[in-house]
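Please keep the sequence and the model in view while reading.

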Amino acid sequence: MDDQNKNLILAIALSSLVLLGWMYFFPPPEVEPAPEALATETAPAGAAASSPSAVAADAVTSQPSEEANTASDAPRVSIESDRITGSISLQGGRIDDLALKDYRVTNDAPEIVQFLSPVGEPDAYYALYGWAPGSGLAAEDVPGANTLWSAPAGAALTPDTPVTLTWDNGKGLTFARTIAVDEDYMFSINQSVTNASGGTVSLAPYGTLARHGEPADMKNFFILHEGVVGMADGELAELDYSDVADFDMDPRDGSRSEVKQVETNGWIGFTDHYWMSTLIPAPGQAFRSSAKYDERRDIYQTDVVLPTVTLAEGETSEVTTQLFSGAKEWATIRAYEKGGIAGFLDSIDWGWFFFLTKPIFAVLHWLNALIGNMGWAIIALTVLIKIIVFPLAYKSYASMAKMKELQPEMEKLKERAGDDRQKQQKEIMELYKREKVNPAAGCLPILIQIPIFFSLYKVIFVTLELRHAPFFGPFQDLSAPDPTSIMNLFGLLPFAGPAPESIMALVFIGILPLLLGISMWLQQKLNPAPTDPTQQMIFAWMPWVFMFMLGGFASGLVVYWIANNTITFTQQYLIMRSHGYKPDVFGNIKASVKRKPNADQK
């Protein structure tokens, strides 16, 4: 076996092992239903003063827990814009009901995505704001998780009409909370307090995101981060729910928590596959962020606590923070980052290969906007990638063509050397050096493709823009596996194929994986089959192994691989022709399917 074939087979084998290992050891596990949310709750840890005590322990005292009414018992203020719909509960002033108008639960159903949910609903998830009491104040003197706020009659939150909630503690402190929302998913929350109590008071403003249990629709797939995400002075933190549940116990509130002091810029919240909620203090504002888990009530929580303020008689203090709650759209989040939220684009899970995934998606997004179809944008991206790596590919294919020319001379060297392997290798290396041929160059296209393949898979799996992105015909979701199947002749027979998540779907593959196998098979036929039987077997099986391996991958990724194979075939064919070697594709196909005579037929 010559060095060229050894290296090529090694590269293909390594690629196969990586992909097979990936699918075998890291399959997406079946999702178990989350525990049913509690119908009642206490003030969330962190909304109580025990969490702000981490900011100013000398100024904040503990706040007692009190039972909350269910969300249906409290009056509400509606939220309405072109992109979101929902309501705010006046109990605690919670933003706890939010649905995303632009996104459906499934591609073929009208139900839109419900994102935030009130206490008493499955997967309760909400944002809560308040003030923690300091010196001169008791817990009942400040608004907390269960304070009943007042709102103007007929008030409704829209991008054009902010809503102001008010509460008077009856002891000289008047609190106001003005909530505004933009045209997308960003809320602005202005909290103010006026002191007419006749004395000096201290208190600390905070914001909390509380989540009852883990999300029921978690993917639990290693390539995707789901859980806490935060930025603290330029340092990104990504914590799985299991990481938060393993924090050390905080004796002050009985929760497991991790606290960070942020000096200038930061944010913290929860990220799902496609959606996210984050608490965002003003740029330059120092604050303390925390992530915690109350295992007694199965509540995960992130807090943002601002420094304690001290108010003399007649003074007013106010602070404004932001809440992002919505879809992780690249363009939208990028615009918020440009508007001053440091590192906000990193809330999208770009992974270890961020230096590839970020530019790949930026170009893909631009191409999709230009073409108007994500499938064709993927093909156009493939063309651009092939243009960029063409100098390396040309050198590789030219080296392979040169190796073909040297094949007769190499066979003569092997015959002269006989069984002297050392002499044979020495003379072959001298031949390579004399003819300026690099035998390892043939592996370059495959080795280059591996990180690009994984990066594109990450982009297709993680980014929202591929969700329910149509291509043509039956391919209406490029983030999902090919919906067609050999079982019903790709839709020609009057019955459905196997469910995408079933084992049968891996066997009765769709038309895209089939085209992938054919494209790899044709690419092999640029060269005659190797004479060694082992090599023949490996080469014969490789396209069909890949075909079934990638059958359950996102169809957008398979589209990329088919386009890549097609372009590679064309490039290699033309380069070989330019070096005087005419590939006999049809002859090689005939030779591969021609049955060899048995020994007794000779």
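The structure discussed here is a predicted model. Lys458 forms a salt bridge with Asp349, and the closest N and O atoms of the two residues are 3.0 Å apart. This pair links distant parts of the chain: Lys458 belongs to helix H8, whereas Asp349 lies in the loop between helix H3 (330-338) and H4, and 109 residues separate them. Asp349 is also buried, since its relative accessible area is 6%.

Some salt bridges share partners, and in this way Arg83, Asp102, Asp184 and Glu329 are joined into one network.

## Further salt bridges

In general, side chains of opposite charge can pair when their charged atoms come close. The structure holds 15 salt bridges. One of them joins Asp272 to Arg211, with 2.9 Å between the closest N and O atoms. This pair, too, connects distant parts of the chain, with Asp272 in the loop between strand E15 (266-271) and strand E16 (275-281) and Arg211 in strand E10, 61 residues apart. Both Asp272 and Arg211 are buried.

Another salt bridge is formed by Arg252 and Asp250, whose closest N and O atoms are 3.1 Å apart. Arg252 has a relative accessible area of 46% and is therefore partly exposed. Asp250, by contrast, has a relative accessible area of 10%, so this residue is buried.

## A buried polar contact

Asn146 is located in the loop between strand E5 (125-133) and strand E6 (156-157). Its relative accessible area is 15%, so Asn146 is buried. The side chain of Asn146 is joined to that of Arg94 by a polar contact of 3.1 Å.

## Patches on the surface

Two surface patches may be considered, beginning with the nonpolar one. Val363, Trp366, Leu370, Ile371, Trp376, Val383, Leu384 and Ile387 form this patch, and together they have about 770 Å² of accessible area. Helix H4 (354-371) and helix H5 (374-388) each supply at least two of its residues. Leu370 is found in helix H4; at 58% relative accessibility, Leu370 counts as exposed.

A patch of negative charge on the surface is made up of Glu238, Asp240, Asp243 and Asp246. Asp246 is placed in the loop between helix H2 (241-245) and strand E13 (249-250). Asp246 counts as exposed because its relative accessibility is 62%, and the cut-off for an exposed residue is over 50%.

## Positive phi angles

Most residues other than glycine have a negative phi. Which phi value does Asn220 have? The phi of Asn220 is near 55°, a positive value in a residue other than glycine. Asn220 lies in the loop between strand E10 (201-212) and strand E11 (227-232). With a relative accessibility of 38%, Asn220 counts as partly exposed.

His468 also has a positive phi, near 60°, and is likewise a residue other than glycine. His468 is in the loop between helix H8 (444-462) and helix H9 (503-507). Is His468 buried or exposed? At 19% relative accessibility, His468 counts as buried.

Terms used:
Residues are numbered from 1 along each chain as its sequence is written. This is a predicted model: local features need pLDDT of at least 70, side-chain atom pairs count only at pLDDT 80 or more; totals for chains, interfaces and linings use all residues. Side-chain values use heavy atoms; hydrogens and water are left out. Patches are made of residues with over 30% relative accessible area and no salt bridge: like charges are joined within 9 Å, nonpolar side chains (Val, Leu, Ile, Met, Phe, Trp, Tyr) within 5 Å. Accessible areas come from the Shrake-Rupley method with a 1.4 Å probe; for residues, only the protein chains shown count as cover. A salt bridge is a side-chain nitrogen of Lys or Arg within 4 Å of a carboxyl oxygen of Asp or Glu. Lys and Arg count as positive and Asp and Glu as negative; His and the chain ends are not counted. The place of a charge is taken as NZ of Lys, CZ of Arg, CG of Asp or CD of Glu. Helices (H or I, at least four residues) and strands (E, at least two) are DSSP runs, numbered from the N terminus. Buried means under 20% relative accessible area, exposed over 50%, partly exposed in between (1.4 Å probe, protein chains only). A polar contact is a pair of N or O atoms within 3.5 Å; within protein, one must be able to donate a hydrogen and the other to accept it, and residues adjacent in sequence count only if both atoms are side-chain atoms.
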